[in-house]
Amino acid sequence: MLGDGLLSSPVLESGESSHAVTLPGVKGSVWYNFHTLAKQGAGIVHLPVKMSSMPLFFRGGSIIPMKKRLRRSSEKMAGDPYTLYVATDAQGKANGDVI
């Protein structure tokens, strides 16, 4: 877990073509695949992968701020806008912080 809203599951084995990811939670928990935005429930999901890929999921109920513009330094990113990813939970709600 990266904070309480992101879950990553790095591919560690060279030649791995399928990767099992355990999405924690109880029945009704919601997760979103970062790359496809597909909605998933809690449990084990199997994803096609390459060594260069990294499965990443947003927890339902989270708002994740990101700066999408690639820069060579954080100083140059200071004025760049945020993109907010809103991953609603089963009740359609979400919250998050920008610090």
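A nonpolar core here is a set of buried Ala, Val, Leu, Ile, Met, Phe, Trp, Tyr and Cys residues joined through side-chain atoms within 4.5 Å, where buried means under 20% relative accessible area, exposed over 50% and partly exposed in between (1.4 Å probe, protein chains only). The largest one in this chain has 10 residues: L6, V30, Y32, F34, L56, F58, I64, M66, Y85 and A87. This is a predicted model, where local features need pLDDT of at least 70 and side-chain atom pairs count only at pLDDT 80 or more, while totals for chains, interfaces and linings use all residues. Residues are numbered from 1 along each chain as its sequence is written, and side-chain values use heavy atoms, with hydrogens and water left out.

**Overall layout**
- The chain has 1 helix and 8 strands, with helices (H or I, at least four residues) and strands (E, at least two) taken as DSSP runs numbered from the N terminus.
- Reading from the N terminus, the order is β-β-β-β-β-β-β-α-β.
- Of the 99 residues, 28% are buried.
- Take contacts (heavy atoms within 4.5 Å) between residues at least 6 apart in sequence: 54% of them join residues at least 24 apart.

- Strands β3, β6 (56-59), β7 and β8 (83-87) each put at least two residues into the 10-residue core.
- Apart from that core lies another of 9 residues, including V11, V21, W31 and L47.
- Core member F34 touches L56, F57, F58, M66 and Y85, once neighbours within four places in sequence are set aside.

**F57**
- F57 sits in strand β6 and counts as buried because its relative accessibility is 1%.
- Skipping residues up to four places away in sequence, its contacts are G5, L6, L7, V21, L23, W31, Y32, N33, F34, Q40, V45 and L47.
- From F57 to L84 it's 27 residues along the sequence and 15 Å through space, C-alpha to C-alpha.

**Two buried polar side chains to look at**
- N33 belongs to strand β3 (residues 30-33) and, at 10% relative accessibility, is buried.
- A polar atom of the N33 side chain lies 3.2 Å from the backbone nitrogen of T36.
- Beyond four places in sequence, N33 is in contact with A38, L47, L56 and F57.
- H19, in strand β2 (residues 18-23), is buried too, with a relative accessible area of 9%.
- The H19 side chain makes a polar contact with the S9 side chain at 2.7 Å; such a contact is a pair of N or O atoms within 3.5 Å, where within protein one must be able to donate a hydrogen and the other to accept it, and residues adjacent in sequence count only if both atoms are side-chain atoms.
- Again leaving out neighbours within four places, H19 touches S9, P10, V11, V45, H46, L47, V49 and P55.

**Largest pocket**
- The largest pocket has a volume of about 200 Å³, that being the space filled by probe spheres set on grid points joined across faces, edges and corners.
- A pocket is an open set of points on a 1 Å grid over the protein atoms alone where a 1.4 Å probe fits, with protein on both sides within 12 Å along at least five of seven lines; lining residues have an atom within 4 Å of a point.
- It is lined by 15 residues, and D4, G5, S62, I63 and I64 are the closest to its centre.
- Strand β7 (residues 62-66) gives the largest share of the lining, 4 residues.
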